[in-house]
Amino acid sequence: MILIKTDYQNYIGGKWVDSASGKKIEVTNPAHCKQVIATVQDSNKEDIDNAVAVAHEAFKTWRKVPAPKRGEILFKASEILLRDKEDIAKIMTQEMGKPLSETRGDVQEAIDMGYYAAGEGRRLGGKVVPSELNDKFCMSMRMPLGVIGAITPWNFPIAIPSWKAFPALVAGNTMVIKPAEDTPLSVCRLAMVFEEAGVPPGVFNVVTGYGESAGQPLVENDLVKMVSFTGSTVTGWKIATKCADRMIPYTLEMGGKNPAIIFSDCKYDTMLDTVTRSSFSNQGQICLCSSRILIEKSIYDKFKF
């Protein structure tokens, strides 16, 4: 496999630009650790602040685009993802290591989310409720928040970013996303997809880099009105604390210890297959993988093998 592009820049305001630091991060092939497949920008606070400012400005016009029209643009993005599914899957396999059968599924999740969000462009209604007062009319409307800061992990390099980006954009928000430094190429490719689909400049921005130098300034920027994070529990705790100090909403998807609970009336062969797949799918690098098993005592000895 050969990547068409090997030197990636940040995507800010519809343009591909170098980091202010002038530094690069090497992206290596996990199957051949010394093989550098691409370089990306080692960004810092200046890059983040620039991207957020651009996103904040783009929000003023993007929020006024009718939701059905925003949905139509995102539908086009889904069609492009479908068209380029195989190429994106190959890039993902090179940067993070899982087999093509898995990366194709990763891209498919992005496609499905795109189609779903596009449909929501025609369902972003509010509510009308009865009033307890005479001659009063009660209604609510959905309003976008503003700039969304997103920080995404390496295990699902395009599925998880799409879960955050498509719903945020169809609702009228803009976004600055910092992908994991190990797997930034898939998100850069997502930016290319949005650009081709017609997402206006500044609505979706990608800044690559490390957590301390790029992720932290994104969380702390006053123009960021919500943070969406997927990653470690320790980092999530820090983000929750920062967001609480700033009184802004946040969503956290972090690691856990998910138990598989097995009772004596289970279908034994089915149970073994289910537990095995749950524990070892994607090498166990899934937030909902079973990392412990709770077994009814009466079948414990049978389960030990």
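The points below go through the aromatic contacts one by one.

1. A word on the source: this is a predicted model. In it, there are 4 aromatic pairs.

2. Let me start with Tyr11 and Trp16. Their ring centres sit 4.8 Å apart, and the planes meet at 45°, so this pair is tilted. That angle falls between the limits of 30 degrees for stacked and 60 for edge-to-face. Buried or exposed? Tyr11 is buried, at 4% relative accessible area, because buried means under 20%. Trp16, with 24%, is partly exposed.

3. Next, please look at Phe75 and Tyr115. This aromatic pair is tilted too, with 5.2 Å from centre to centre and 50° between the planes. Where do the two residues come from? Phe75 belongs to helix α2 (residues 67–83) and Tyr115 to helix α4 (residues 100–120). Phe75 has a relative accessibility of 39% and counts as partly exposed. Tyr115 is partly exposed as well, with a relative accessible area of 27%.

4. Which residues form an aromatic cluster? Phe166, Phe194 and Phe204 come together as one, so do display these three rings in a single view when you inspect them.

5. Finally, a contact between a lysine and a ring: Lys98 lies over the face of Phe156. The distance to the ring centre is 3.9 Å, which is within the 6 Å limit for a charge over a ring.

Notes. Residues numbered from 1 in each chain as written. Predicted model: local features only at pLDDT ≥ 70, side-chain atom pairs only at ≥ 80, totals over all residues. Heavy atoms only, no water. Phe/Tyr/Trp six-rings, centres within 6.5 Å; stacked < 30°, edge-to-face > 60°. Buried < 20%, exposed > 50% of the residue type's maximum accessible area, 1.4 Å probe, protein only. Helix = DSSP H or I, 4+ residues; strand = E, 2+ residues; numbered from the N terminus. Lys NZ or Arg CZ within 6 Å of the ring centre and 35° of its normal.
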